[in-house]
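Me: I have a structure open and want to go through it piece by piece. Can you take some questions?

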Amino acid sequence: MMRALPMPVRATKRGAARTPIGGDFDVLICGASFAGLAVARELRATGARVLVVDRYEIGERQTSACAAPTEWLRNLGLEASIMQTFGSLLVRTPRAHARWPLGWTFSTFDYRLLCELLWEQRGGATEFETAKVHARRGGAVETDRGELRAPLIVDALGWRRVLGSRRVQPPEARLSRGLEVHPGGSGEDLELWIDKRVIRAGYGWSFPARGELRVGVGSFDPRDHVKEPTVALAGELGLPPDGYQGNWIPHQLGPATEHGVFFAGDSAGHCLPLTAEGIRTALYFGIACGRELRAVLEGRRSRERALARYHAFSGSHRWKYEAMLQAQHAVPRLRPRALAAVTRAFERGGVSHRAFGHYLRIAPPQFALPAPPPASAAPRANAVAA
Ligand SMILES: Cc1cc2nc3c(=O)[nH]c(=O)nc-3n(C[C@H](O)[C@H](O)[C@H](O)COP(=O)(O)OP(=O)(O)OC[C@H]3O[C@@H](n4cnc5c(N)ncnc54)[C@H](O)[C@@H]3O)c2cc1C
């Protein structure tokens, strides 16, 4: 059920409203999308001075089809943002069409509302400013509105990994690319096209979201263009190519910490290869990162220990990411007959439920439930082990 929430009234500050900002904070979270907002939410009631910055207002710029496992949304208290829910995937290949039962459900959601709801959960002391982040210099972050300092810095800025030491630059970087349109329309199914006539290496999709269809194409090869295929797929479905949005999508796990900075979501390559599902994992690793920061703020852990633990936690998922990347390489090489056989095999509940069960457990929804209270939690506001 939709809940009517006041939409953010502040537009991204421009011109004279872009006054200088600066100063010292306990935590600086760069990026206010899935990963950044998940980190901020974990810091509620710490009493710490937390600043979140993003070049746009919270919820202003949607860059994805916004579909995620329903249980994740429910466990985070975000049900009000749900638009439509699906228990299966309709998969179209050149030689076979099949319905894959998932054993759990996916939901499309309203991006702006979901961000608003996550932001509401942050607690009182966390502030937000619009600012474009340029780079990090030691313990300071340079933005277009001034220099911000904090002993705990999070890069949740997406695929560019702005605060990292090396530039991530397509087409050389390990990136996929995706583009979609959002024409008005309706549908009952989450649909996927695994078909070289749609895209050489990748897939097309149509995700209904009550009143609109999110139709797009993703390519695993960053050199392949996706605009023409997206327009063509929309055309085949009889839809106008309204409301373009697209982005680069990392498909290789990177280091989750570097030079004392925490990276969460696409900045750490947390998007899953093959499916390009990156919302659930941005929330998952954002929560993990936030829990480490919270332990530092509460004096239960040193900053160095938190960095090491978060780095190891992210790295412990490496083999799963590598398995998904292997599958990403293998699927485009399947001949039509083999692809049809695999597609049909997934029609059977046993096969499909097992495979999608493993897939969901890469970042399980139970992780979003409140963490049990630490044995000796003695909150110390503003006490950060630098
Ligand atoms: C077309 C398309 C469709 C997709 N569909 C899905 C889907 O249905 N389900 C799914 O799970 N995944 C999907 N993905 C992948 C998913 O969008 C990403 O993995 C996910 O958004 C990552 O979240 P994030 O918070 O790490 O980064 P982002 O969502 O990219 O957020 C980064 C934030 O940082 C801000 N920012 C960036 N640079 C700067 C800067 N220099 N200064 C200040 N702010 C900055 C941005 O404004 C943004 O708010 C899709 C991707 C694409 C391209």
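Me: Where is the place of Ala45?
Reply: This is a predicted model, and in it Ala45 sits in the loop between α1 and β3, the latter being residues 50-54.

Me: What is phi of Ala45 near?
Reply: Phi of Ala45 is near 60°, which is a positive value in a residue other than glycine. Most residues other than glycine have a negative phi.

Me: Which residues does a cis peptide bond join?
Reply: Pro170 and Pro171 are joined by one, with omega at about 5°. Most peptide bonds are trans. Pro171 belongs to the loop between β11 (152-155) and β12.

Me: On to the ligand. Which of the 33 residues around the ligand come nearest?
Reply: Ser33, Asp54, Ala67, Val133 and Asp266 come nearest of the 33.

Me: What is 3.0 Å from a polar backbone atom of Ala35?
Reply: An oxygen atom of the ligand. A ligand nitrogen atom is 3.0 Å from a polar backbone atom of Arg55, and at Ile279 a polar backbone atom has a ligand oxygen atom 2.9 Å away.

Me: How much of the ligand's accessible area does the protein cover?
Reply: The ligand on its own has 1,000 Å² of accessible area, and the protein covers 93% of that.

Me: Which elements give two or more residues to the shell around the ligand?
Reply: They are helices α1 and α5, together with β12 (175-181), β14 (202-208) and β16 (245-250). β12 gives the most, with three residues.

Me: And by class, what does the shell around the ligand have?
Reply: The shell has 18 nonpolar, nine polar and six charged residues.

Me: Back to the two helices. At what angle do the axes of α1 and α5 cross?
Reply: Roughly 35°. The axes of α1 (residues 34-42) and α5 (residues 279-297) come within 7 Å, and α1 passes α5 in a right-handed crossing.

Me: Which residues make the contact?
Reply: From α1, the contact uses Phe34, Ala35, Ala38, Val39 and Glu42. From α5, the residues include Ile279, Ala282, Leu283, Gly286 and Ile287. By class, the contact of α1 with α5 has 10 nonpolar, two polar and three charged residues.

Me: Last topic, Asp189. Where does it lie?
Reply: Asp189 lies in the loop between β12 and β13, with β13 covering 190-193.

Me: What does the side chain of Asp189 make a polar contact with?
Reply: With the side chain of Arg99, at 2.7 Å. Not counting residues up to four places away in sequence, Asp189 touches Phe86, Leu90, Arg99, Ser206 and Pro208.

Definitions and conventions. Residues numbered from 1 in each chain as written. Predicted model: local features only at pLDDT ≥ 70, side-chain atom pairs only at ≥ 80, totals over all residues. Heavy atoms only, no water. Axes fitted to C-alpha atoms, helices over the stretch in contact; angles between N-to-C directions. Helix = DSSP H or I, 4+ residues; strand = E, 2+ residues; numbered from the N terminus. Left-handed = near helix turned anticlockwise from the far one by under 90°. Contact = heavy atoms within 4.5 Å. Nonpolar A, V, L, I, M, F, W, Y, C, P; charged D, E, K, R; others polar. Near = heavy atom within 4 Å. Polar contact = N/O pair within 3.5 Å; in protein donor to acceptor, adjacent residues only side chain to side chain. Areas by Shrake-Rupley, 256 points an atom, 1.4 Å probe, with all protein chains shown as cover.
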